[in-house]
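Hello,

Here is the structure I promised to pass on. Please have a look, and then read my notes below.

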Amino acid sequence: MREEYIKKAVEQFEVLLREQLDRVDRMRAGAAPKDYDALETVTVGLIGGDGIGPIIMAEAKRLLEKLLAEEISSGRIVLTEIEGLTIENRLALGKAVPDDVLAAIKACDVILKGPTTTPKGGTMESANVTLRRELDLYANVRPVSVPEEGIDWMFYRENTEGEYVLGSRGIEAPGDLAMDFKVTTEPGTRRIARAAFEYAKANGKTNVAIVTKANIMKKTDGNFTRICHEVAADYPEITADDWYIDIMTANLVNPAIRNQFQVFVLPNLYGDIITDEAAEIQGGVGTAGSANMGDRYAMFEAIHGSAPRMVEEGLADYANPSSIFKAAEMLLRHIGFIDKADRLASALHQAGEIEKRVVVTGTKEGATCREFAEYVMEKLA
Ligand code: NAD
């Protein structure tokens, strides 16, 4: 029996290795970044998702319709709703992202997406992991700011590799052991490092923190660190420091030093975890937006998930839409509508941090999602 498992695992490993090396070749071939200014029409796909997703997305749609009213009526912007990325439909079809949904997404230029549920266990991949791979959305960009503490962080999380790329394709000898794989590629790391340093350069930042566990994961994280430093050499005005993820996790809850950090570049899993911690410091996951960027597509979403517990407890209508509004702001900035993004950022800041006349708490004591959204829209100058 044991020999059988080993033989099967070795065969499977060869398949994975070949697939990943093919992916390296595709990355090296590259794609020219999309020029949104050159597009006659920018098509924005809106996806409701699961749980609290459709509730916060309904408000995001109303907000975009208000902000982009002129562009929508002139045909410069098209908002299109994409149905079918629901857990019920995905389970019924046995597909993380059904084919017709993927085709509809690929027909858009940018996507604003509500959170999607991922079943625990089983073999169904997360819709996000599938979309990040299919659309090659290699940079997960997550800003966190706490102005009164001087915190202005930007996280560049690698989004297509690490523990996630083969997360549902591990090897098991039932009753004996299970093994998952972590993948770091040369071009995959180079492009996320480049994105982080380019952001730092364009925004006058002077330091990038490279965060790994390279003392333990010597091959994958070791190479990630090395490649980041090679890229850093092209940016002499920016310092690059190595940190281990464990101490960086502690640093973020240390008020004495945390405002010194500026830009972070991290492999996938560490980035996933530490950005939730960072969002909590900002005021909770309900306040944080996130962008998944590639050269051809970009997908914007809330940092949090579908919050099934809130739904079960009858609190879905009390979800905070700030997270998806922040994502909408990032989307507007990405497609070149800087003044609209600034208006939205200012309205959110006024409503959520300065005036606080209507406050969402995620409980029945607070305002509803709709009430807070109305408040933000009223603040749009
Ligand atoms: P979660 O982020 O969905 O919710 C955790 C808790 O955070 C909630 O119970 C709630 O108290 C709070 N919260 C989240 N969003 C909020 C909001 N807008 N307003 C107020 N409070 C909010 O985390 P989870 O329960 O671990 O995950 C639920 C599901 O979501 C899982 O299936 C997971 O795989 C999926 N998920 C999806 C995405 C995505 O689509 N991008 C991201 C993370 C998790």
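**What I found**

The crossing of helices α2 and α14 is right-handed (the near helix is turned clockwise from the far one by less than a right angle). Before going on, please note that this is a predicted model, in which local features need pLDDT of at least 70, side-chain atom pairs count only at pLDDT 80 or more, and totals for chains, interfaces and linings use all residues. Residues are numbered from 1 along each chain as its sequence is written, and side-chain values use heavy atoms, with hydrogens and water left out.

Back to the two helices: the axes of α2 (residues 53-67) and α14 (residues 369-379) come within 10 Å and cross at roughly 20 degrees. Axes are lines fitted to C-alpha atoms, for helices over the stretch in contact, and angles run from 0 to 180 degrees between N-to-C directions. The pair is therefore roughly parallel (angles under 35 degrees). Helices (H or I, at least four residues) and strands (E, at least two) are DSSP runs, numbered from the N terminus.

In α2, I55, I56, E59, R62, L63 and K66 meet C369, R370, A373, E374, V376 and M377 of α14, where contact means heavy atoms within 4.5 Å.

There is also an open sheet of 10 strands with mixed pairing, in the order β2-β1-β3-β12-β11-β4-β5-β10-β8-β9. Two strands pair if DSSP finds at least two bridges between them. At the edges stand β2 (77-82) and β9 (239-244), each with a single partner strand, so one side of each has no neighbour in the sheet. Within the sheet, β1 (residues 42-47) and β3 (residues 110-113) pair in the parallel sense over 4 bridges; G45 has I111 in β3 as its bridge partner.

Best wishes

Key:
Parallel < 35°, antiparallel > 145°, perpendicular 65-115°, else oblique.
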